[in-house]
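Hi,

Here is the structure I promised to pass on. Have a look at it first, and my notes on what turned up follow below.

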Amino acid sequence: MTHEFKSIIRQAVAWQNQGKRMVLATVVALEGSSYRRPGVRMLLADDGNWVGAVSGGCVEKEVYRYALRVFESGKARVMSYDGTYRLGCEGTLYLLLEPFEVGDELLKTFESYLSKRQKFSIESAFNLVSANEDSSEIMGSEISLGSKKFTFQLDLLTENLTEANRFSQEFPPLFQLCIFGAEHDAVALCQMASNLGWEVHIYASPDEQKTQQFFPGSTSFQTPTFEALDSSGIDSNTAVMLMTHSFNKDVQYLMALKDARPAYFGLLGPAHRRERLLSKFLEYFPETDLDFFEKMHGPAGINIGAENAYEIAVSILAEILSVLRDQDPQPLKDKSGRIHA
């Protein structure tokens, strides 16, 4: 969710600079099932363009038609959308539509929070009883960035917001993937991870001839020596993938990362190579605690019969997601109950 909201903020700034007015649509409640869950958003401009999505595609045009009323009145409203008779959408969505503007202080504080990898939250106030109707209720959202709070309607006072219904959402730091290696399979993994909205940092040895341009979608390209590698930025919202194709380089990177505790730590290559790698590592650091090794996934990936670089990337990303979501991968047709836990 964090990367989606980041995209909305940055698009909003661009549209503001073009003089466009905007409405933010947020799914604040759901009855039954839907393609996506409460907390998803889309930003609509008064020229008919929008970014983001609140469904698989069957709701967005209807949301825009309803947003025209918000552009006209300048007041937030709640709309409902019954997808019972729509293929793939079998529930009722409730969306808060509110005028949206990004003030200078909000933008500055928000960008600072992203760069410092700090969490933030958004709370939306609304009244479901007034769905699809005119209402005198004062509805809208407030973003909390530490002790600072901002509304998306710049003249809105939070103390005046309705108390009827509230939807709160916490946003963690942007998820990041640190790839150690610069071969063509690292390029594929980088591209696909960036499409998920992840920040991707490429680490290559100092003698590497490639540049960041070789890795579309990457956030950074770094070539520190093994001794100078700083792992302090690798936190619980980070996945690490070791894939240099060099046994010696993998050993040195592993030693440099001995204090890191990412959410996922993947090793490329077969099981016997993993055992050799960890055995060599233990020769240097025999007292390493077990938690370090329990995060290891090697060979990295889920067994889907992957052959080429992009298929292997799908396999690895699927495993990372399953670890993050604490899921045991299985065909959805074999899963009992709802698709979304």
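**What turned up**

D46 and R21 form a salt bridge, with 3.4 Å between the closest N and O atoms (the term covers a side-chain nitrogen of Lys or Arg within 4 Å of a carboxyl oxygen of Asp or Glu). This pair ties together distant parts of the chain, 25 residues apart: D46 sits in the loop between strand 2 (41–45) and strand 3 (50–52), R21 in the loop between helix 1 (2–17) and strand 1 (22–31). Searching the whole structure gives 17 salt bridges. Helices (H or I, at least four residues) and strands (E, at least two) are DSSP runs numbered from the N terminus.

Before you go further: this is a predicted model, where local features need pLDDT of at least 70 and side-chain atom pairs count only at pLDDT 80 or more, while totals for chains, interfaces and linings use all residues. Residues are numbered from 1 along each chain as its sequence is written, and side-chain values use heavy atoms, leaving out hydrogens and water.

Now the helix packing. Helix 1 and helix 3 (residues 104–115) pack at about 145 degrees with their axes 12 Å apart; axes are lines fitted to C-alpha atoms, for helices over the stretch in contact, and angles run from 0 to 180 degrees between N-to-C directions. Contact (heavy atoms within 4.5 Å) is made by T2, F5, K6, I9, R10 and V13 of helix 1 with L107, F110, E111 and L114 of helix 3.

The axes of helix 5 (residues 247–256) and helix 6 (residues 271–284) come within 10 Å and cross at roughly 50 degrees. That pair is therefore oblique (under 35 degrees counts as roughly parallel, over 145 as roughly antiparallel, 65 to 115 as roughly perpendicular, and the rest as oblique). On the helix 5 side the contact uses F247, D250, V251, L254 and M255, and on the helix 6 side R273, R276, L277, L278, K280, F281 and Y284.

Two backbone details as well. G298 and P299 are joined by a cis peptide bond, with omega about 0 degrees, and P299 belongs to the loop between strand 15 (296–297) and helix 8 (309–324). H245, in the loop between strand 13 (238–242) and helix 5, has a positive phi near 70 degrees although it is not a glycine.

Lastly, an unreviewed UniProt entry places "domain: XdhC Rossmann" at residues 177–320; UniProt positions follow the numbering used here, feature names are shortened, and annotations may be inferred rather than shown by experiment. That span is 37% helix and 16% strand, and its end C-alpha atoms lie 10 Å apart.

Cheers
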